[in-house]
Each structure stands twice: as C-alpha cells, then as structure tokens.
Amino acid sequence: MSKNFVLIIYLLCTVALAAQPDTVTIGFGEYHGVMVSASSSHNYPPETTLKQDGYLPNLNASSRFLGQATLGYNMEDLQEVSEMGIEDWIDSQFVKPIPFSLKNKVKDYHNFVKTATNTPAAGQIYRMWSYAWWQYHMASADVLRQRVAMALSELFVVSDKSAFGGNSYALSSYYDVMLNNAFTNYRDLMEDVTFHPAMGVYLTFLNNPKSNPATNQFPDENYARELMQLFTIGTSKLNMDGSYVLGTNGQPIQTYNNTDIAEFAKVFTGLSWADRTTFNRSAANDTSYTLPMIMFNSSHETGVKNLLNGFVVPNRVPTDGIADIQDAIGNLFNHSNTPPFVAKFLIQRLVTSNPSPDYIERVANVFVNNGQGVRGDMKAIIKAILLDPEAKSCKSGNDVEYGALREPFVRYVQINKAFDASTASGNYRNDMDYVYRFVQQKPLTSPSVFNFFQQEYQPIGPIEEANLVGPEFQITNAQTIMGYVNSLYRFVIQENVADEYDLYTNEDDATYANEVSTIDLNDEVLLTDNNKLHILLDRLNLLLAQGRLTAPSLAIIKNVVTELPNGTATEKRDRVRLAIYLIMSSPEYLINR
Amino acid sequence: MSKRKISRRAFIGEASCAALGSMTLYNSLVNLGMMTTAATRPHIISTPSDYKAVVCILLAGGADSFNFIVPTETSEYAQYVATRGSLALSNSATPPQLLPLNYSNNGRTFSIHAGMSAVQNMFNTGKLSFVTNIGTLIEPIANKTEYNSGMKKVPLGLYSHSDQIMQWQTSVPQSRSAVGVAGRMADILQDMNSIPEAAMNISLAGKNRWQSGNETNEFSISNSSTAATIGYSNYSSGLSNAVYLNDRKNKALDSLAAQQYANLFHKTIGDLNVTTSESIEVFKVAMSNLVPLTTTFSATNLSNDLKKIAELIKVRSFLGAQRQTFFVSYGGWDHHDDVINNQNVMLPIVSNALNEFNNAMTELGMQDNVVTFTISDFARTLTSNGNGSDHAWGGNSMIMGGPIDGGNIFGEFPSLSLTSPLNLSNRGLLIPTTSVDEFYAEIALWFGVSPNDLSYILPNICNFYSPTCPAPVPSGFMPIGMFS
C-alpha cells in the first residue's frame with residue numbers, strides 16, 4: 001500500500017445524492033464538490049482528462065468499478081484505474097497472462113510433501129486445492145479474470161460436496177476451466193465443462209451407457225437437464241431483454257419438455273476416463289480428473305436425436321459421439337435464450353441484482369454479435385456489462401431498487417486485498433475453512449448444482465414486495481449474519497486473516513511461519529487521533545465501500561472508535577480495526593451499488 | 001428472525017392471488033391482528049400444556065423412495081422386479097435387502113429397505129406410517145390421458161429439482177414466488193407464542209422456502225450452536241473496560257442496522273441484522289437454561305440436527321413457544337448413479353435419526369405433541385439408467401409421532417407396471433394420487449389452523465376438498481386420515 005497516500009476526494013454523488021440526483025455520472029467522472037482533505041505527494045488535477053469515450057473516473061468511481069470487476073482491491077488499484085480509465089484498464093486485464101494453473105500448483109504442493117516426507121506414495125489432500133486457489137488470487141495480477149471466473153464457477157456449478165470432494169486435482173483442474181475461459185468464448189466454456197470429468201462425475205454422465213430396452217435401462221438425464229436449465233437456456237422462453245415470451249394463454253412457454261431431455265440424454269452417453277481403455281471403469285487415480293473425458297463410441301447411443309428448434313443430430317455411421325456432443329452444444333449455444341440468460345446471470349453476479357430489461361438486452365446483443373460477427377465472445381460481453389451506463393451511472397445512488405448484496409466470500413477476499421495481506425516468503429496458504437464456517441461460502445462448495453443462491457431468489461420484505469430479486473439473501477440467515485460479523489472479529493479485530501495449517505504432519509515450522517499472512521494497516525494507524533478520525537473513516541469508506549457510507553453511519557462509527565484509547569501503537573491499531581469492523585458490518589457497505 | 005412489518009395492502013394482494021374467499025380473508029386478517037376489532041381468536045384457546053411442533057425433514061435431491069417401501073405380494077413384487085431391473089431389491093437375499101412390515105390390506109403386503117430396521121420397528125409398534133405416491137399437484141389428475149389432454153393444470157417445472165423442491169415447501173405448484181406452508185402457518189399462529197423475538201419457525205438448514213411466510217421469517221441455527229457460541233464475538237476481559245466497550249460496539253452494530261434506509265436492499269439487510277440480533281439474545285438465554293438430554297444420538301449431521309431440535313423443544317418455555325416448526329435438510333439423494341450403494345449408507349442414517357428423535361420426545365414426555373415427517377423433491381424413475389435413476393414425480397413419505405395413526409400405509413400404493421394409466425413415460429414417472437395439499441392440510445389442522453384459514457395455508461386445497469369448499473371444512477373430513 002502506498003505510504004504517502006493521504007488524498008481524499010469527496011464525491012457528492014455518493015454522500016449528498018438527494019441534492020444532485022441527475023447531473024452527476026459517477027463512471028464518467030463528473031464531480032461536484034471535490035474536496036481535498038489532506039495533502040498528497042500526488043498532484044491530482046481538479047478537472048478530469050478527456051479520454052476514450054468518457055472521462056477518467058475519480059477515486060470513488062474507481063472504487064465502485066473495482067467492486068464490480070474484482071474480488072478486492074487496494075489503494076494503488078484505485079489510483080491505477082483513475083489514471084488509466086476504465087476501458088483501458090479492462091483492456092490491460094484482458095492481456096494479463098495466467099501465471100500458473102491451479103492443477104500444477106496442486107501438483108507442486110503434492111511433490112513438496114512427497115519429497116519433504118520422503119514418501120513417494122504420499123497422497124494429495126484437500127487443503128492443496130484451497131492453498132492453490134488462495135495463492136493464485138493473492139499473488140496474480142489478472143484480477144478481472146479472477147472475478148469473472150468466480151462468477152462462472154457459480155453458473156457451471158460443481159462442488160466438493162460430491163464424490164471428488166477431497167480431491168484437490170479434480171477441484172483445481174475444474175477451476176482452471178473457469179480461469180482459462182473467462183476471456184474466451186462461451187461455447188469454448190460449454191465444451192471444456194462438458195468434457196471435464198469433475199462435471200462428468202458431478203452430474204453423473206461419466207460412464208453413462210446407451211439404452212438397453214430389454215432391461216428398461218435408459219440414458220442418465222442429469223446433465224441433459226441441468227445443461228439446459230442452469231447453464232444455457234433456462235426453463236422458459238426469453239425475449240432478448242430477459243423477460244418471458246408469453247403464449248396465447250398469457251403464460252410463459254417451456255423451452256423443453258421431458259422428451260427433449262431424454263433426447264439430449266442420448267447425446268451424453270459413452271464418455272469416460274481418458275486414462276482407461278474400456279468404458280465403465282472407476283478413476284485410475286486422483287489425477288485422472290485432470291484429463292478431459294474421452295468417447296467410447298461402442299457405449300454411445302446410436303441413431304438420430306431430435307434436439308431443440310427442429311435440430312436433428314443425424315444417425316452417424318460409424319458412431320461418432322464427439323460429433324453428436326458438438327451438435328448438442330451448438331444447438332444450445334445458438335438457442336435464442338442463451339444470450340439473455342447468460343447476460344442476466346453475469347450482470348447479477350458483477351453489477352446489480354435487478355438490471356433493467358434494456359441493460360440485459362444491450363449485453364445480450366453483444367453476446368449475439370461482438371461487432372465482428374462473433375457470437376459468445378466473453379471479452380465483449382464483459383466489456384458490455386462493465387461499461388454499460390447502468391453499471392456506471394450515478395443514478396444508482398438514488399435508485400432505491402438498485403444494488404446487490406455483496407457475496408460474503410467476496411467480502412472476505414476484499415479484506416485481504418484492501419489491506420495487502422502478505423507473507424514473508426510471498427507464498428500464501430489459506431484453507432479458507434473459517435470463512436466457510438462463518439458464512440457458508442467458499443469456491444466450489446455449493447450445497448448443490450443450484451449454487452449457493454438462485455438468481456430468482458426473493459428475500460421476504462421490501463425487495464420481494466417490489467417484486468425484485470436478491471439472490472445473495474438466500475444464504476443470509478441468522479447463522480450467517482451473526483457468523484459474518486464474528487468473522488470480521490476474527491479476520492480484522494484479531495487480525496487472523498487466513499487459516500494456515502501444515503501440509504503434512506510435523507511440517508518444518510520455519511516454512512510455515514514464512515507463509516502466515518499479515519495485513520498492513522500502517523497508513524491507517526497514522527489517522528487515529530480524534531482530530532483525524534474523520535480522515536481515517538473517509539479513507540476506509542473510499543477503499544471498502546466506494547464512499548457509500550453516509551454521514552450518520554460514519555458518526556455512529558466515529559463515536560464508538562473514539563471510546564477506545566489512542567496511546568500505544570496497539571491501541572491505535574485497535575481503533576483502525578474497530579473502524580474496519582464497523583464499516584464492513586454496515587448495510588451501506590454490504591450492498592454493492 | 002421473527003416478525004417483519006408488512007403493509008396491509010401487500011398482504012391483501014398476496015391473499016387475493018391465493019384466491020381466498022372474503023370470509024376466509026376476514027378470518028385471516030382477524031387472526032393476524034390486522035383488524036382493529038380482532039377481539040377474539042377462536043382457534044387460539046390454549047393452555048400451557050397445549051404445545052405442538054412439526055418437524056420437516058427434507059431429503060434433498062429427490063430420493064428414490066420406491067426403494068424405501070416395496071410391494072411384496074407375489075405378483076406385485078414380480079412387477080416391481082420387472083420394472084426396476086437392476087435397481088430392484090431382493091426379497092430373498094442374505095443378508096436381507098428388505099424387511100417385512102406388519103401390515104396387510106386386501107392381500108397387499110409390503111417391506112421396507114433393510115437399512116431402516118428402526119423404522120420397521122416404529123412402524124410395527126404404531127409410531128410411524130408411510131404416505132405413498134404423494135406429490136405436487138394443483139388439481140387431481142386421474143391418468144395419463146387427462147395429463148396429456150391439456151385440460152388439467154400441471155405443476156410448473158415438473159421433474160426440475162429447483163421447482164419441485166420449492167413446490168413441496170410452498171404447496172403452490174403454479175407459482176415460483178409463493179411463500180411456504182410453515183411460513184403461512186406462522187403468519188396465522190405466531191401470536192400464540194409469547195416472545196415475538198423468538199421465531200415460531202426454526203431452521204437447522206438455513207434459509208428455506210417452507211418456513212418463509214408473508215409476515216414471518218425463519219430463525220436459523222446450527223446443530224453446534226450453544227449458549228456460549230451464539231451472539232457477537234466480544235473483546236475479552238483483558239481489555240480494562242471490556243464490558244463497556246462491548247456494549248458500545250454491539251450497540252453501534254445494531255444502530256447501523258436500524259437506521260432508516262430508502263434503498264430496498266439497505267432496508268432488507270438492515271431489518272435482517274436487527275431481527276437476528278434480537279432473536280439471538282432470546283435464544284442465548286433459552287439455551288443457557290438447557291439441562292442436557294439423556295437420550296443418545298448418533299454422530300451424524302442429521303441426528304445432531306434432530307438433537308438440537310429436541311433441546312430447543314426442551315427449553316421451549318424460555319422461547320415463549322406454544323407452536324414451533326423445525327426444518328432439517330439431509331441432502332445427497334440425487335442418485336442418478338449408484339443408488340443401491342448410496343441408499344445402503346444413507347437410509348440407516350435417516351432411520352436411526354428418526355428413532356433417536358422419537359426416543360428423545362418420549363424422554364421429554366412430548367411424544368403426543370410432536371409430528372415429524374420426510375419430504376423430497378420427487379421420486380425417481382422406476383426404470384434404471386444403468387445403476388441409478390432419474391427425476392420423476394409421485395413418491396413416498398414417512399410420518400412419525402404419537403398423534404399419527406401408526407403402522408399404516410396411507411394413500412394408494414400404485415401399480416409399478418409401465419402400462420399403468422398413472423405412468424407418463426417408458427421411464428416410469430407416476431402421477432401422484434395424493435397431493436401435498438392433502439398431506440399438509442391434516443398437519444395444519446392438527447397444528448391448530450382453523451378450517452376457515454386452511455385456504456390461506458393451502459391456496460389449492462379446495463381443488464381436493466370439493467364439494468364443501470369454500471365453506472368451512474367439516475371436521476373429521478380427512479381424505480388421508482393420518483391422524484388418529
């Protein structure tokens with residue numbers, strides 16, 4: 001974190017909305033009432049610089065943007081976006097390389113244990129997946145990819161609540177599919193998911209045999225159904241703006257029926273492990289999960305398959321199961337529901353729970369055609385979502401229906417990012433089990449294929465009464481609400497930000513000690529005197545909450561923080577910790593908008 | 001979480017959607033205390049001993065319940081084997097795969113899965129019954145011809161997990177936005193409980209639709225929660241004025257939540273934070289008064305959930321509770337694969353947990369005050385996909401407790417022939433012959449919902465209780481007859 005940062009730009013857009021509801025556009029960087037509360041080594045011009053199709057965003061706007069586009073960010077990231085502009089920043093993210101694959105990282109940990117314990121047969125352990133995920137997300141600069149990949153992992157859901165729950169190779173290799181395809185094409189993603197053995201096991205189409213009518217045996221319908229219902233088209237026909245197409249009876253129209261599912265089920269037969277030479281074998285070993293499934297044509301259902309919209313998979317002779325699968329994926333990829341379905345999902349994950357129909361349609365149109373005639377271009381879709389006026393407009397501040405509850409796991413990553421969690425060696429280890437226990441969310445731990453929460457979930461109360469949705473409220477209950485506040489106590493007040501454990505019994509303490517995370521509050525502890533507390537709170541408000549905390553909330557927090565002594569270094573630090581704890585507990589922080 | 005304020009307009013709007021008669025609406029509003037003249041609440045005549053609880057165990061994922069209970073009359077068993085193929089349980093294997101039930105009706109006999117010996121014992125001693133071929137329905141559908149005619153209303157998203165698991169909890173299969181059955185019961189009955197902060201509906205499985213009402217929310221708790229572990233984490237006494245600081249800290253948390261917010265998302269999370277904080281205070285006190293049970297429970301999550309429920313029933317007076325519902329979820333029943341081996345592991349867990357809970361209720365002397373039942377998304381195809389089965393419709397539930405007419409098989413156990421008029425495809429998907437509405441109606445009436453309010457709890461009930469609806473349901477008119 002920058003040691004000389006003390007500049008606070010105070011934006012009316014976020015704190016005095018009622019006064020200026022229509023003239024201020026946060027993402028385009030118009031600002032009213034810019035206030036510099038402290039000196040800075042940086043020299044920020046009072047006027048924005050015209051660049052691209054808009055203005056450079058100010059810091060609050062940058063914070064808002066990074067709250068949509070990343071899992072967490074620090075003060076330098078805010079400055080970077082403010083200096084580069086949003087679109088350039090996105091473009092710079094698109095070309096950032098994938099530094100390593102999670103599956104190889106797991107392999108490294110595994111080899112490390114084998115060597116350190118002098119046990120060539122030592123097994124992998126679940127912890128290796130968690131450590132690999134955390135290492136990647138703490139140490140890699142491709143933060144937009146990380147955000148999109150996590151969203152995709154909540155769409156194409158597989159979970160450790162499954163047969164491969166303890167297998168770090170399976171989980172890491174599957175998550176690599178999300179990272180690898182965050183910026184490719186939606187069709188590539190569909191293909192890589194379809195052939196991944198973790199999905200094959202999770203939705204039970206690995207070793208799915210063809211029919212045997214003599215014994216009343218038919219293809220497994222699991223993947224056929226969920227691929228349509230959850231990953232591509234949904235259950236009802238959609239207009240491009242995400243609304244239902246209504247039939248003559250005024251009711252939504254089903255996109256498929258049970259007969260269609262049985263036809264798709266025939267397509268997803270014959271796949272099995274790539275390191276087996278015969279069909280219907282169990283996994284050869286843990287690393288079998290890192291190899292895409294292969295087709296055993298003799299176990300693939302022969303004959304035509306009648307898919308959607310009149311598309312017919314021909315009776316291929318000889319049998320060609322892979323070609324059949326490509327046809328089925330193409331049938332769904334090209335379905336008119338897929339663009340609005342995916343557009344709405346990703347907008348809800350990144351920006352807001354209740355996007356306007358126009359917003360969905362704008363993004364869906366980009367899904368259909370990226371401008372160069374390409375359908376499903378992820379980069380174009382992501383840009384369309386993040387650069388949309390509805391993502392950036394300051395009107396959101398005044399719109400009582402705008403916003404999304406921040407995912408609890410994202411809040412956790414944000415703590416580590418905002419306060420530069422670091423280790424002596426640069427290697428991180430984090431089992432992420434405390435955050436899971438407290439808030440019941442962690443990558444690839446969904447209780448079912450329906451994700452931690454469903455897109456149409458309506459919490460009872462004002463959101464439901466306005467006929468809106470709030471997906472993340474589905475995991476917001478008495479347990480997780482209290483759990484979240486108490487997680488802040490552990491992570492922030494006790495500064496126990498990560499869960500580091502041995503990789504093997506009696507691991508060398510020195511290695512371990514070098515990988516314990518600590519957070520950096522050095523900039524903040526300079527601001528704990530009573531006459532500077534307002535600057536501390538402004539800074540934290542900007543860094544964590546996009547400046548969305550209003551004066552009354554800041555006053556409540558300041559009053560309590562002032563109760564703590566401010567003499568010793570520890571006491572100063574306690575003040576900062578309590579301020580973070582209270583800000584991150586407040587409704588104005590919890591809602592991303 | 002207990003109450004939330006609801007505008008009367010919104011409530012009536014919801015009620016109208018549920019097609020209530022004006023008389024019933026009046027009754028519901030009276031019961032909800034929404035009418036200024038609500039001087040009397042006829043069904044809330046209770047004495048301190050009038051405690052009742054229902055416990056819903058969701059077997060999430062769609063359990064293959066046509067292997068829970070199996071027909072054993074010679075020709076019916078042969079049909080079962082022919083249809084189920086590789087999934088059929090043997091009735092002659094050693095060790096046994098099926099255990100006989102002490103039951104016979106016109107020559108029909110049944111056995112249950114050998115993993116459920118405790119259930120067999122409870123059935124045979126009159127503590128538990130089965131309800132067969134039950135499922136989500138908007139109105140009765142007699143057979144495949146009627147189903148295909150387009151003249152009958154069919155549940156939304158049949159065979160889809162998300163829809164069917166939701167409809168089993170709402171009993172409103174024509175809607176994706178309905179609230180839940182227990183939530184609606186709490187809307188009407190929660191005033192029987194004397195501490196408003198302690199919700200009538202308690203979940204061991206987080207948020208769930210069954211317990212979401214128009215005016216009420218569930219309170220979620222974990223089976224590992226104790227008086228010592230729930231509530232805000234606090235500064236330790238190492239700090240000189242820890243007590244004072246903790247009070248200030250926690251008041252600040254509550255103040256931040258309780259501010260007046262215009263944004264609907266702020267308002268919703270703020271309300272949730274406030275009610276959580278209030279509820280937890282009450283539960284903390286109640287749990288600190290717990291004297292441990294002597295009944296032993298297995299070390300499974302399901303048993304631990306039911307143990308926590310038994311403990312909360314034990315401390316009910318500290319929660320001011322006359323009526324409580326509990327919701328538990330045991331997932332992992334989506335057996336597209338390996339159904340035989342998985343059920344061999346999972347059914348003993350269910351069976352033992354039910355038995356242990358029954359023992360605990362006996363210990364507390366509450367065996368005649370608590371009814372426990374299982375639900376699931378749907379049953380699975382009768383035919384195999386190799387060594388698993390796929391999504392289907394009508395299935396089988398268990399219901400347990402002193403008030404139940406035990407040792408019975410309720411509903412109509414269907415023919416398992418693929419040529420049955422109830423079968424919708426060559427996979428073996430059966431149209432239910434008993435509706436979820438009928439099932440919940442009897443539970444709700446026992447629980448204390450007045451017949452006049454039944455249509456509020458179950459908006460479609462009149463499709464099954466004709467021709468007397470919407471007039472009050474005559475007492476004793478119960479198509480299933482689960483309660484003795």
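Student: Where is Glu500(A)?
Tutor: Glu500(A) is in the loop between α21 and α22 (509–513) of chain A. Helices here are DSSP runs of H or I with at least four residues, strands are E runs of at least two, and both are numbered from the N terminus. This is a predicted model, where local features need pLDDT of at least 70, side-chain atom pairs count only at pLDDT 80 or more, and totals for chains, interfaces and linings use all residues. Residues are numbered from 1 along each chain as its sequence is written, while chains are lettered from A and ligands numbered from 1 in the order in which they are written.

Student: Why does Glu500(A) count as partly exposed?
Tutor: Because Glu500(A) has 19 C-beta neighbours inside 10 Å. A residue is buried with 20 or more other C-beta atoms within 10 Å of its own, exposed with 12 or fewer, and partly exposed in between, with C-beta atoms placed from the backbone.

Student: And what is Glu500(A) in contact with, leaving aside its neighbours within four places in sequence?
Tutor: Arg429(A), Asn430(A), Tyr512(A), Glu515(A) and Val516(A). A contact is two residues whose C-beta atoms, placed from the backbone, lie within 7 Å.

Student: OK, helices. How do the axes of α6 and α8 of chain A cross?
Tutor: At roughly 25 degrees, coming within 7 Å, with α6 covering residues 126–139 and α8 residues 168–181. So α6(A) is roughly parallel to α8(A). Axes are lines fitted to C-alpha atoms, for helices over the stretch in contact, and angles run from 0 to 180 degrees between N-to-C directions. Under 35 degrees counts as roughly parallel, over 145 as roughly antiparallel, 65 to 115 as roughly perpendicular and the rest as oblique.

Student: Which residues of α6(A) and α8(A) meet?
Tutor: From α6(A), Tyr126(A), Met128(A), Trp129(A), Ala132(A) and Trp133(A); from α8(A), Ser168(A), Leu171(A), Ser172(A) and Tyr175(A). That contact has seven nonpolar residues, two polar and no charged. Nonpolar covers Ala, Val, Leu, Ile, Met, Phe, Trp, Tyr, Cys and Pro, charged covers Asp, Glu, Lys and Arg, and the others, Gly among them, are polar.

Student: What about α4 and α16 of chain A, how do their axes cross?
Tutor: The axes of α4 (residues 86–94) and α16 (residues 378–387) of chain A come within 11 Å and cross at roughly 155 degrees. That makes α4(A) roughly antiparallel to α16(A). Ile86(A), Glu87(A), Ile90(A) and Phe94(A) of α4(A) make the contact with Lys379(A), Lys383(A), Leu386(A) and Leu387(A) of α16(A). By type, five are nonpolar, none polar and three charged.

Student: Switching to the interface: how many residues of chain A are in contact with chain B?
Tutor: 60 residues of chain A, against 62 of chain B. The largest share of chain A's side, seven residues, comes from α21(A). That side divides into 30 nonpolar, 23 polar and seven charged residues.

Student: What does chain B have in the way of helices and strands?
Tutor: 13 helices and 12 strands. Of its 484 residues, 56% are buried.

Student: Where is pLDDT under 50 in chain A?
Tutor: Over residues 1–55, for which the model has 107 contacts beyond four places in sequence. pLDDT is the predictor's confidence in each residue, from 0 to 100. Where it is low, the predicted coordinates should not be read in detail. Chain A's mean is 90, with 90% of its residues at 70 or more. The model scores ipTM 0.90 and pTM 0.87.
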